[in-house]
Amino acid sequence: MAEGTIKEHTEAGEILRRYGLAVLFVAPYLIFFVCFTVIPIGMGVVISFMDYNPYNVGAATFSGFKNYGYLFNPDSMVAKLFWPAFGKTMAFDLCAVPCILIIPLLLAILINTQPPGYKIFRAIIYLPAVTSITVTGIIFSSLFAGDESGLINALFHTDIQWLNEGVLRWAVMLFVSIWWQTGTNFVILSAGLRDVPKPLYEACEMDGGNKWTQFFKVTLPNIKGQINLCLFTTIIGYMGLYGQPTVLYGSDNQPNALAPDTPMIMIQQWLNDPTFAKRTGTLSAVAVVFGLLTMLVTLIEKVATKERKRGDKHERQFRSYTSF
Amino acid sequence: MNASSARIPLSKSQKAARKSKTISFIILFIVCLLFLFPFIYLVGTSMKTPSELVNKPLSIFPSWGNFTFEHYWLFLNSDNHGRIDNLPIWMINSLVITSLQVIITLIVDTLAAYAFVFFKFKGKNVIVAILLISMTIPGVIGTTPLYSLYVSIGKATGLSDVVLFTLHSVNNGVEATEYIYLYPYLWMIFPGVSGVFNLLLIKNFFESIPKDIVESARSDGASDLTIFRRIVLPLARSTILLVVLFCFVGSWNDLLWPTLITSGHPLNYTINVALVNYTGGVSDWSAKGAQTAAAVFSMLPILILFLFLQNKMIDGLASTGVKR
């Protein structure tokens with residue numbers, strides 16, 4: 001009896017010790033996670049149903065779906081700002097996302113033949129991806145400067161206002177985005193290509209497959225996991241487009257709160273303008289709707305790329321981390 | 001590798017491989033020139049004399065004998081156009097925020113990852129599942145409330161008025177006092193720590209460490225803290241380096257959040273936020289030299305990291321990319 005209780009005691013002590021230690025190890029991270037991820041997201045949903053002013057929290061009251069009502073009332077200012085910005089972002093993404101997937105894929109295929117100096121090429125193609133968007137903006141806004149002092153205009157003896165409002169500016173942004181963000185997808189895709197088993201290509205060649213059949217029947221299915229990953233992260237990143245339009249603008253369209261280029265810019269401008277503080281609830285509703293739309297787009301992407309048969313190892317790993 | 005293959009097809013495929021290598025080399029060489037050109041242009045422009053900046057937009061480098069470092073000297077020394085004389089302060093801000101964020105992230109993430117992998121405790125799987133789900137919720141929903149919290153907490157506790165340093169300056173005979181506040185620093189350092197991706201990266205690596213090592217060390221009487229410090233951390237050195245790099249680049253190049261937080265506190269800007277004011281196709285060409293010099297200056301830390309560690313970084317990104 002006595003022996004039993006002692007043993008139980010030490011076991012209980014052991015469990016407590018282990019459990020306490022586990023809490024001690026996990027707690028710091030969880031505190032950060034709860035404070036800066038869980039609470040804000042939860043609050044975001046709650047505030048979107050409230051009249052809320054961060055400078056006067058005590059006066060907050062629930063207002064039902066009023067904030068969402070603004071967003072779907074075409075005459076309200078919120079709807080007039082948000083939906084055009086959302087439309088512009090989506091249109092840009094439809095052009096940019098395929099480019100930022102296909103160009104890295106082509107470069108990855110080239111690098112995968114391992115020409116002399118391929119490590120240097122790899123580093124150079126990746127370098128812009130670690131450059132900040134502001135440095136990128138400084139470089140390209142002087143390359144595309146509207147007067148004759150811009151290199152591009154000087155080169156072609158033109159006088160084009162590249163960065164003024166319009167399609168041309170978004171085309172420049174697309175060009176800059178390709179330069180800036182090819183690197184990350186390129187590195188992930190080239191690692192995928194490197195791991196495609198060589199015998200598969202030989203088998204395909206034996207069966208009389210040419211380069212195209214090899215590409216579509218061997219290469220693509222085997223890097224599907226990497227392609228899905230790149231697609232997923234690129235779509236998320238470009239839905240939240242912020243940097244490029246912030247740094248690339250001409251002299252006649254300085255950033256102004258009446259015509260935000262993207263939803264993220266609208267959110268930043270509202271938050272930084274104290275006169276909008278009393279509309280924080282409305283802004284939260286905008287963020288919730290925008291977040292749901294982003295999730296919807298990634299969901300469509302997932303359904304569209306869903307494999308009919310069982311995925312490979314990478315595919316499953318990827319899925320286990322990104323799909324719920 | 002293909003020792004068993006017949007000789008003639010081998011040499012044929014070798015010939016084909018050589019051909020495709022040559023083609024890849026030529027294309028990649030051209031692509032890399034295009035990718036490098038903006039950087040070369042940036043450095044070249046930053047060394048042009050003011051008159052060449054205006055008169056010779058086409059030449060990438062200053063003409064022979066006309067190299068000048070005056071733009072670099074100007075922003076380190078004094079006010080050039082009344083705008084970038086605070087560049088050293090902004091640089092220090094960026095360095096402090098980035099390094100503290102990297103250090104805290106590392107401590108917090110490695111501890112949590114250790115608990116998730118080597119401890120058995122109730123609710124572990126639930127927590128990991130919640131972390132994974134949170135990755136699919138667009139962060140934009142949390143941005144507004146997080147900023148609201150920043151405002152309300154600062155106001156309620158009076159923390160937002162705590163001055164870290166006071167700076168007196170005399171500009172054109174007008175005396176000015178500017179403040180560096182403590183509060184924005186906290187809000188630029190801490191939210192970034194809650195990121196899930198880096199934690200998963202470390203957790204994935206820890207999972208590849210054989211459990212036997214930890215178990216046998218435990219039965220030898222080693223405490224978990226000892227095992228963590230003496231066995232697990234040294235094994236994870238390369239993964240930790242990778243997290244340092246990702247965290248550093250992410251924090252250094254972050255734009256939206258620091259823009260929000262430092263709005264109205266110009267001396268609290270990170271260098272990335274500060275330089276946004278110098279982008280855009282503004283035709284003030286006399287300021288171009290200072291802008292480009294500032295851009296080069298702001299790139300230095302990332303560039304140094306990249307030059308020394310790019311190989312590790314690219315390989316790391318490649319191998320962990322699929323496990324995101």
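**One helix, two partners**

Tutor: Helix α12 (residues 263–272) of chain A packs against α13(A) at an angle of about 160°, and their axes are 11 Å apart. That angle makes α12(A) roughly antiparallel to α13(A), because anything over 145 degrees counts as such. The crossing of α12(A) past α13(A) is left-handed. This is a predicted model, so confidence comes up again below.

Now the residues. From α12(A) come Pro263(A), Ile267(A) and Trp270(A). They meet Leu283(A), Val286(A), Ala287(A) and Phe290(A) of α13(A). By class, the residues of this contact are 7 nonpolar, no polar and no charged. An α-helix has 3.6 residues a turn, so residues three or four places apart point the same way.

Next, the partner across the chain boundary. Helix α13 (residues 280–304) of chain A also meets helix α6 (residues 140–157) of chain B. Their axes come within 7 Å and cross at roughly 160°. The two helices, α13(A) and α6(B), are therefore roughly antiparallel to each other. On the α13(A) side, the contact uses Thr280(A), Leu283(A), Ser284(A), Ala287(A), Val288(A), Phe290(A) and Gly291(A). On the α6(B) side, it uses Val140(B), Ile141(B), Thr143(B), Thr144(B), Pro145(B) and Ser148(B). The classes here are 7 nonpolar, 6 polar and no charged.

In total, 96 residues of chain A are in contact with 86 residues of chain B. Helix α1 (residues 2–47) of chain A gives the largest share of chain A's side, 17 residues. That side divides into 62 nonpolar, 29 polar and 5 charged residues.

Confidence in chain A comes next. Its mean pLDDT is 83, and 87% of its residues reach 70 or more. Among the elements of chain A, α3(A) has the highest mean pLDDT (93), and helix α14 (residues 313–322) of chain A has the lowest (52). Over residues 1–5 of chain A, pLDDT stays under 50. The model has 0 contacts beyond four places in sequence for that stretch.

One backbone detail in chain A deserves a look. Gln114(A) sits in the loop between α3 (77–111) and α4 (118–130) of chain A. Most residues other than glycine have a negative phi. Gln114(A) has a positive phi of about 50° although it is not a glycine. Gln114(A) counts as partly exposed, because it has 14 C-beta neighbours inside 10 Å.

Chain B has 14 helices and 2 strands. Of its 324 residues, 39% are buried. Among chain B contacts between residues at least 6 apart in sequence, 69% join residues at least 24 apart. One pair, Pro88(B) and Phe297(B), is 209 residues apart along the chain, yet the C-alpha atoms are separated by 9.6 Å. Pro88(B) lies in helix α4 (residues 87–118) of chain B. Pro88(B) is partly exposed, with 13 other C-beta atoms within 10 Å. Helix α8 (residues 197–207) of chain B is mostly covered, with 8 of its 11 residues buried. Among them are Leu199(B), Ile202(B), Lys203(B) and Phe206(B).

Methods:
Residues are numbered from 1 along each chain as its sequence is written. Chains are lettered from A and ligands numbered from 1 in the order in which they are written. This is a predicted model: local features need pLDDT of at least 70, side-chain atom pairs count only at pLDDT 80 or more; totals for chains, interfaces and linings use all residues. Axes are lines fitted to C-alpha atoms, for helices over the stretch in contact, and angles run from 0 to 180 degrees between N-to-C directions. Helices (H or I, at least four residues) and strands (E, at least two) are DSSP runs, numbered from the N terminus. Angles under 35 degrees count as roughly parallel, over 145 as roughly antiparallel, 65 to 115 as roughly perpendicular and the rest as oblique. Two residues are in contact if their C-beta atoms, placed from the backbone, lie within 7 Å. Ala, Val, Leu, Ile, Met, Phe, Trp, Tyr, Cys and Pro count as nonpolar, Asp, Glu, Lys and Arg as charged, and the others, Gly among them, as polar. A residue is buried if 20 or more other C-beta atoms lie within 10 Å of its own, exposed if 12 or fewer, and partly exposed in between; C-beta atoms are placed from the backbone. pLDDT is the predictor's confidence in each residue, from 0 to 100. A crossing is left-handed if the near helix is turned anticlockwise from the far one by less than a right angle, and right-handed if clockwise.
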